[in-house]
Amino acid sequence: MGNFGNLIMNENMKIFRRPRTWIMLSILALISLLMPVLLNEGMGSSEVPYWQAAITTVQVVFFLNTIFCVVIAAEAVAGEFTWGTIKLLLIRPWSRSKILASKYLSVIGFSILSTLLVVIMATVMSYMLFSHSVTPDGSGASASRAFALWGYLYVDLFITLAIAFMVSSVFRSGALAIGLSLFIMFTQNLFSLIFNPVRYEWAKYVLFNNMDLSRYMDPVTDFSMLDGGNTGMTLGFSVAVLAVYYVVFMLISWVVFNKRDVAG
């Protein structure tokens, strides 16, 4: 376990010794602090609950957070092939599975750190600028709602990172992993609209239709622009579907990486 801990530490050093990592974290922190200020200028602070301002800020900044995390995940494995350091890594007294696991855990660790940074900065600044009073109906501004939404946002990020990591491991291309992940981010809602479970029963099992768990937060919500709501889909169902996809992505990553010939 000690050797594996050193391996994880080594992967974290690779991530955090690069100036771009600190630049990305600084950008996230800066925008998380500035967004409440901009919201305060536009909406005022007298009646807007600070939890609502924090929710809005995190939702806006989280898109950028996902992009930065995808960049880290995309180069976790592909970068070793690009820089020609993969052979030096594999001759070490560690199995390929441990090497890949350490890279993946380091990516997840970075995503948790960046997410916490965004949430803490947004909440603190919103607390300083906005109202602490509770709305009469108590809707849309509670701590429980905020953390539930942020948890669902992270699940979306978690699956996106799994896709980026898999592509990085299989195709050894960081650019392809980043491009495909961004494509999924931008077209997720479009594919959910095209492959709508209201029209196609099998579409309930499509990845895109299950990534946005936040739609289950409200008792009544439309699945898309078309009529029909969630068509029998529940939070548990979507989590189960995502779990199956996640296991498949990880298995593909592990199998390909362990069988890849790097002699050339």
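Modeller: I take Ile-72, which touches Ile-15, Thr-21, Met-24, Val-107 and Phe-110, leaving aside residues up to four places away in sequence; a contact means heavy atoms within 4.5 Å. This is a predicted model, in which local features need pLDDT of at least 70 and side-chain atom pairs pLDDT 80 or more, while totals for chains, interfaces and linings use all residues. Residues are numbered from 1 along each chain as its sequence is written, and side-chain values use heavy atoms, with hydrogens and water left out.

Ile-72 is part of helix H3; helices here are DSSP runs (H or I, at least four residues) and strands are E runs of at least two, numbered from the N terminus. Ile-72 counts as buried because its relative accessibility is 5%, where buried means under 20% relative accessible area, exposed over 50% and partly exposed in between, with a 1.4 Å probe and protein chains only. Leu-161 is 89 residues from Ile-72 along the chain, yet their C-alpha atoms are 9.1 Å apart.

Two of the residues that Ile-72 touches, Thr-21 and Met-24, are also among the buried residues of H2, a list that includes Leu-25, Leu-28, Ala-29, Ser-32, Met-35, Pro-36 and Leu-39. An α-helix has 3.6 residues a turn, so residues three or four places apart point the same way. Helix H2 covers residues 19-43, and its end C-alpha atoms lie 36 Å apart, which agrees with the 36 Å that its 25 residues should span at 1.5 Å a residue; the expected span is 1.5 Å times one less than the number of residues.

H3 (50-83) also takes part in the largest pocket, where H3, H6 (143-171) and H7 (174-194) each supply at least two lining residues. A pocket is an open set of points on a 1 Å grid over the protein atoms alone, where a 1.4 Å probe fits, with protein on both sides within 12 Å along at least five of seven lines; lining residues have an atom within 4 Å of a point. Of the 17 lining residues, Phe-63, Leu-153, Asp-156, Gln-188 and Asp-212 lie nearest the centre of this pocket. H6 gives the most to the lining, with six residues.

Of its 264 residues, 47% count as buried. Among contacts with a separation of 6 or more, 82% join residues 24 or more positions apart.
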